[in-house]
Amino acid sequence: MTQLQALIFDVDGTLADTERDGHRIAFNKAFAEAGLDWDWNVARYGELLKVTGGKERIRQYLSEDHPAILEQAGIDDRIRELHAAKTRHYVALLETGAIPLRPGVRRLLDEAEAEGLRLAIATTTTPENVTALLEATLGKEGPSRFEVIAAGDVVPAKKPAPDIFSHALDAMDLPAKACLALEDSDNGVRSARGAGLKVVVTTNDYTRDQDFAGAMAVLDGLGEVDSPACVLAGPALPGAVLDIATLRDWFARA
Ligand code: XBP
Ligand code: MG
């Protein structure tokens, strides 16, 4: 049987709750700065999250709310410019330290390293966003703790396509059967499963009611000693938190 050798983390919603108070705010700032009256409230943004990728999400919004604008000449450049402004606002927001890691993330990363597991990232978001989040939360050395950061447009087809996880596996030169993905969304589970990976889900407010078919386990978080994790589907947790010993056990049995 193949031993667990690496953890591959999603970023948005998994490492940190970045969507509602991060990406959404940055999109709205970019729209306002461009003189647009587009405003994505919390509920509308939740609907738009079905499409991964910021540029793709703007395009989806236009197709639903302003279809005539999508037909205008130069719209692709316009979307690219708006998205570049959004990334600028998002990185600036992260640099203020406004968005912490989710509970248990730092603990699990430390433990994984101590146990000799390799770490990688597979995300739809823009690479600068990942660097900014990891530096703001884990310090200057944060990004280098992950041997591969697969992000954004490095693959043309974003989640739920499997490409970004396959890309991370190729870069690590590891087979899917030796790795475990950590995700927060249905699109992420489909992407990881498509690449042949086992997946553990930690849900958040936007993803709680999604269908995580194929996931090895679904929890409301990784848990900390003073705020235990709750298993929503899958094997029972032996203690208050999801730790590497439990992950190894679930991985071997799945
Ligand atoms: C993350 C996303 C991203 C971010 C925005 O999905 O969908 O689009 O919301 O990032 P996942 P950019 O967690 O499944 O990878 O604006 O940089 O594209
Ligand atoms: Mg996610």
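A charge sits over a ring if NZ of Lys or CZ of Arg is within 6 Å of the ring centre and within 35 degrees of the ring normal. Keep that in mind. What you see here is a predicted model. The charged end of Lys86 sits over the ring of Phe27, 4.6 Å from the ring centre. At Phe251, the charged end of Lys198 sits over the ring, with 4.3 Å to its centre.

Stay with Phe27 and turn to ring-to-ring pairs. How many aromatic pairs are there? The count comes to 10. One of them joins Phe27 and Trp40. This pair is tilted, with 4.8 Å centre to centre and 40° between the planes.

Buried or exposed? Phe27 has 1% relative accessibility, so Phe27 counts as buried; the cut-off is under 20%. Trp40 is at 0% and is buried as well.

Now follow Trp40 onward. Trp40 also pairs with Tyr61, and that pair is edge-to-face. The centres are 5.3 Å apart, and the planes are at 65°. Tyr61 belongs to helix α3, residues 54–65, while Trp40 is in the loop between α1 and α2. Those two residues are 21 apart, and the pair links distant parts of the chain. Tyr61 is buried too, at 5% relative accessible area.

Step back for the wider group. Which residues make up the cluster? Phe27, Phe31, Trp38, Trp40, Tyr45, Tyr61 and Tyr206 form one aromatic cluster.

Next, the ligand. Lys86 comes back here. Around ligand 1 there are 18 residues, and Lys86 is among those that come nearest, together with Gly54, Arg57, His83 and Thr126. What about polar atoms? In the side chain of Thr125, an N or O atom is 2.8 Å from an oxygen atom of ligand 1. For Asn129, a polar side-chain atom lies 3.0 Å from a ligand 1 oxygen. For Lys159, the corresponding distance is 3.2 Å, again from a polar side-chain atom to an oxygen of ligand 1. How much of ligand 1 does the protein cover? On its own, ligand 1 has 450 Å² of accessible area, and the protein covers 97% of that.

On to helix α9, residues 186–194. Its buried residues are Asn187, Gly188, Val189, Ser191 and Ala192. What do they pack against? Their partners are α8 (163–172), β4 (179–183) and β5 (198–202). After α9 comes Gly196, with a positive phi near 90°.

Last stop, another glycine. Gly221 is in the loop between β6 (217–219) and β7 (231–233). Gly221 is buried, with 10% relative accessible area. Which residues does Gly221 touch, leaving out those up to four places away in sequence? They are Arg102, Thr202 and Ala229. One more distance: Gly221 and Leu232 are 11 residues apart in sequence, and their C-alpha atoms are 10.0 Å apart in space.

Terms used. Residues are numbered from 1 along each chain as its sequence is written. Chains are lettered from A and ligands numbered from 1 in the order in which they are written. This is a predicted model: local features need pLDDT of at least 70, side-chain atom pairs count only at pLDDT 80 or more; totals for chains, interfaces and linings use all residues. Side-chain values use heavy atoms; hydrogens and water are left out. Rings of Phe, Tyr and Trp (its six-membered ring) pair if their centres lie within 6.5 Å; planes under 30 degrees apart count as stacked, over 60 as edge-to-face and the rest as tilted. Buried means under 20% relative accessible area, exposed over 50%, partly exposed in between (1.4 Å probe, protein chains only). Helices (H or I, at least four residues) and strands (E, at least two) are DSSP runs, numbered from the N terminus. A residue is near a molecule or strand if one of its heavy atoms lies within 4 Å of it. A polar contact is a pair of N or O atoms within 3.5 Å; within protein, one must be able to donate a hydrogen and the other to accept it, and residues adjacent in sequence count only if both atoms are side-chain atoms. Accessible areas come from the Shrake-Rupley method with a 1.4 Å probe; for residues, only the protein chains shown count as cover. Contact means heavy atoms within 4.5 Å.
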